[in-house]
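I opened the model to look up a few local features. These are my notes, in the order I made them.

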Number of protein chains: 2
Amino acid sequence: MLQALAHARIAAESGEVPVGAVVVKDGIVIGEGHNLTRTDHDPTAHAEIVALRMAARALGSERLVGCELFVTLEPCAMCAGAISHARIARLTYGAEDPKGGAVDHGARVFAQEQCLHVPEVIAGVGAAEAAELLRKFFAGRR
Amino acid sequence: MLQALAHARIAAESGEVPVGAVVVKDGIVIGEGHNLTRTDHDPTAHAEIVALRMAARALGSERLVGCELFVTLEPCAMCAGAISHARIARLTYGAEDPKGGAVDHGARVFAQEQCLHVPEVIAGVGAAEAAELLRKFFAGRR
């Protein structure tokens, strides 16, 4: 999670919403990144998607079996869906996101009966620092 | 939608789940594609994501304001989330997907109070052909 927070700080410095994510398999980081939606002109380039795509390329498979994802903010519906498609075994997220999160709020993607793969979920790790990064970022843009 | 169906047929021929998508702005196709999850080793490479990313690159913006998306199958939670993030004005989909769809089934992403951008949705266009392509594909794999 410390590495995910480091990515979130890099995102803030480049004017991107400060969220970072890391994919780990057997203790080794195989995917990592931060929000790149503006930089890459890509509406799908949330931190989780960037990290998942990198990890899948590294493994040469679209299924990240036995991998875990650390992300500084509760994933949205898009990212929760991608986490399920990727077969992530465990999701650890930092700050909760009542406005956009879709794990413990809103669409609650993993709680849907149709959800084919549900990861173990651990919430609140590094939440204070993750939330503070976001608060500062949005305060600075006002 | 005919072009989206053509992409779905190409997907089937290459062993990918036959779903195709097209993004149109002012009557011009600016993004198109089909499922590439296996080919690209990318769990996020659903037809909609492929088409949205291409369109955003073409416009040089992560927001596809005034664009519409045609896709042969009801979008899943990941893709519905991406469609909302991309600010797609109108979504036209073909076959409904009770098992994985998240527009009119399951997570119902656009019906969530927190959903910041809700597109107009038209369902069932080209549904019979879209569903037949999927039925044949999965029957052939058994």
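**Ground rules**

I am working with a predicted model, where local features need pLDDT of at least 70, side-chain atom pairs count only at pLDDT 80 or more, and totals for chains, interfaces and linings use all residues. Residues are numbered from 1 along each chain as its sequence is written, chains are lettered from A and ligands numbered from 1 in the order in which they are written, and side-chain values use heavy atoms, with hydrogens and water left out.

**Entry 1: α2 and α3 of chain B**

I started with helix packing, which is described by the angle between the two axes and the distance between them. Helices and strands here are DSSP runs numbered from the N terminus (helices H or I, at least four residues; strands E, at least two). I looked up α2(B), residues 47-59, against α3(B), residues 77-85. The angle is about 20° and the axes are 9 Å apart. Axes are lines fitted to C-alpha atoms, for helices over the stretch in contact, and angles run from 0 to 180 degrees between N-to-C directions. I therefore noted α2(B) as roughly parallel to α3(B). The cut-offs are under 35 degrees for roughly parallel, over 145 for roughly antiparallel, 65 to 115 for roughly perpendicular, and oblique for the rest.

The crossing of α2(B) past α3(B) is left-handed. That term applies if the near helix is turned anticlockwise from the far one by less than a right angle; clockwise is right-handed.

Which residues of α2(B) and α3(B) meet? From α2(B) I listed B:E48, B:I49 and B:L52. From α3(B) I listed B:M78, B:C79, B:A82 and B:I83. Contact means heavy atoms within 4.5 Å. By class, the contact of α2(B) with α3(B) has six nonpolar residues, no polar ones and one charged. Ala, Val, Leu, Ile, Met, Phe, Trp, Tyr, Cys and Pro count as nonpolar, Asp, Glu, Lys and Arg as charged, and the others, Gly among them, as polar.

**Entry 2: α1 and α4 of chain B**

Next I took α1(B), residues 2-13, and α4(B), residues 127-141. They pack at about 5°, with axes 10 Å apart. I filed α1(B) as roughly parallel to α4(B) too. On the α1(B) side the contact uses B:L5, B:A8, B:R9 and B:A12. On the α4(B) side it uses B:E129, B:A130, B:L133 and B:F137. The classes in the contact of α1(B) with α4(B) are six nonpolar, no polar and two charged.

**Entry 3: cysteines**

How many disulfides are there over all chains? I searched the whole structure and found zero. A disulfide is a pair of cysteine sulfur atoms within 2.5 Å. For A:C67, the nearest cysteine sulfur is that of A:C79, 17 Å away. A:C67 is buried, at 1% relative accessible area. Buried means under 20%, exposed over 50%, and partly exposed in between (1.4 Å probe, protein chains only).

**Entry 4: phi at H41**

Most residues other than glycine have a negative phi. I checked A:H41 and its phi is positive, near 50°. A:H41 sits in the loop between β2 (28-34) and α2 (47-59) of chain A. At 31% relative accessibility, A:H41 is partly exposed.

I then checked B:H41, where phi is also positive and near 50°. Its place is the loop between β2 (28-34) and α2 of chain B. B:H41 is partly exposed, at 32%.

I looked up B:L73 in strand β3 (residues 67-73). Is B:L73 buried or exposed? B:L73 counts as buried, at 14%. Beyond four places in sequence, its contacts include B:V19, B:E48, B:Y93 and B:L134. B:A127 is 54 residues away along the chain, with 7.8 Å between the C-alpha atoms of B:L73 and B:A127.

B:M54 is in α2(B) and partly exposed at 31%. Outside four places in sequence, B:M54 contacts B:I30, B:G31 and B:E32.

B:V29 is in strand β2 of chain B and partly exposed at 32%. B:V29 touches B:Q3, B:V22, B:V23 and B:V24, leaving aside residues up to four places away.
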